[in-house]
Amino acid sequence: MTAKSSPKDAIADRLAEARWRTYELIDPLGDEQLNRVHSPILSPLAWDLGHIANFEELWLVQTVGSREPLHGDLGRFYDAIENPRRDRNELPILRDAELRAYLAEVRERALDVLEEVDIGPDAEDPLLRDGFVYEMLIAHEHQHNETMLQLLQMVDGYELPEAVKSVGGLSPGQAPGEFARRFEYPPVRETPHALPTIRLPGGRYEIGGPATGFAYDNERPRHTVEPAPFEIDALPVSNGEYAAYLDETGIEPPLYWERESGDWVDTARGRREPLDPAGPLVHVSWHEADAFARWAGKRLPSEHEWEAAARAALATEPAAAPLGLPGAGQVWEWTSSDFLAYPGFAAFPYREYSEVFFGDAYKVLRGGCWATHRDDLRPSFRNWDLPERRQIFAGIRCARNAQ
Ligand SMILES: [Fe+2]
C-alpha cells in the first residue's frame, strides 16, 4: 500500500485523470477531424482542447500563480462568451502539434504553481480555500469532455473509449481492476425499485449546495422550498414508451432516430443499431419533453421537486447515492424550471459562469448522464440549455400533482 496522499497529490492525480480522459476521447481522431466543424451549435474539438488548456492557464497559472501567459492575448479566442460556437473555427486558434504542446506546457506550469500555494481550509483567498479553483478546473475539463462527446455522436465510425463507457475513467497507470473496485456501482435501471413513482408529501425541503465543499455559485445558497404534494416517476421515459408515443402521434423522432424496416434504429456515430426499448430515451429537446409529459397526462417536474425527490430517494436508497436519484446518471432530465438565481445568490468566482445565463431563455436540466464524470453527479448540480436543443444527452422524467 502506498502512503496516504496529501491533498495536493490528490488534486494532481485528479487533474491527471481528467486529462487522461480527454486524451482518450481524441485518441482515435486525426488532426483533420479535430479541426472539422460538424455542427454550428458545437465547437470544433480543437477549440475545446485549446479552451480547456487556456482556462487552466488563466486560473491556475495566471490568476493563482501570477505568471504571464504563454501566448500573449491568445486567450481572447478561447473566451466562450465572446466567441459563439458557430464562429470558433474561423479564429486563429492553436492547432495540431502546437495545440498539443500548449496543453502539456500549461499543465506543467499549473503543477509548478500547485506546489507553491496554500490550499488548506484556512487559506485566505477563497479561490484557494479547500482547493476550490482546482475543483473548478477539474470539473471544467470533465464538462468539456461531455460537450466533446455530444459532437462525437456526429462522427461516423467513432468508437467510445472504455474510459467513457465506464462513466469516469482511469488514472494513468491505474489498473482496470482497481478502477472497478473504487468506482463500481449497480447499473441503475437494474436496481430494483419498489415503487414506480416516488410520492412526496408537501412541506419544507432544503435544496442547494452546502456552504462548504465544492459547488458552483448557482447551486448556492442552500435554501428551503415548499412544493405542494407531488409524485415523480422512479425512472426516466424509456425508448419503448417514446416509440409508442411516436406511433400514436406521428411527431418527429428524437435526434439520431431513424426508421428501418418498421423499427427504430439509433444512428449516432454512424451506427444503425436497434434501440433498446428498456433503455432511457435521449436526445429530445425541452419542447419535446414538455409535449410528451402533457400527452402522458403528467408534466415535467420543477427543479425544486426534482432535487427534493433526489434527496428523499437518497435517504431511502443509499445504493443510488452516486447518482442522486434512482434512474439518474444515464440521461440529463429536463425540468419545467427556467435557469434563475437562488435567493441570496452571489457570483463566484466570476459572473460569466452562471449569472449571465440567468433568465427565461434557458431551461434547467438535472441529474447527469452516462457521459458525465461521476465526480460531478450531485443532487444540487444544475445544468442548463436552450429549450430547442437536442444534442445534449437529455431525456424525460415525468411528475404530477399528488392525487
Ligand atoms: Fe468552458
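Two strands are taken to pair if DSSP finds at least two bridges between them. In this predicted model, strand β1 (residues 197-200) meets that criterion with β4, to which it is joined by 4 bridges in an antiparallel arrangement. One of the contacts along this pairing can be followed residue by residue: L200 has F230 of β4 as its bridge partner. Strand β4 also pairs with strand β12 (residues 399-401), again antiparallel, through 3 bridges. Here A399 of β12 is the bridge partner of I232.

Attention now turns to the metal site. The iron ion has H51, H140 and H144 as its protein donors, each through NE2, lying 2.2 Å from the ion. Along the sequence these donors follow the spacing H-x88-H-x3-H. Because H51 belongs to helix α3 (residues 45-63) and H144 to helix α5 (residues 132-152), this pair ties together parts that are 93 residues apart in sequence. Buried means under 20% relative accessible area, so H51, at 6% relative accessibility, counts as buried. H144 likewise counts as buried, at 13% relative accessibility.

A further buried position is N239, with a relative accessibility of 7%. N239 is found in helix α8 (residues 239-249). Leaving aside neighbours within four places in sequence, N239 is in contact with W257 and with L275, D276, P277, G279, P280, L281 and V282.

Key:
Residues numbered from 1 in each chain as written. Predicted model: local features only at pLDDT ≥ 70, side-chain atom pairs only at ≥ 80, totals over all residues. Heavy atoms only, no water. Helix = DSSP H or I, 4+ residues; strand = E, 2+ residues; numbered from the N terminus. Buried < 20%, exposed > 50% of the residue type's maximum accessible area, 1.4 Å probe, protein only. Contact = heavy atoms within 4.5 Å. Donors = N, O, S within 2.8 Å, 3.2 Å for Na, K, Ca; no water.
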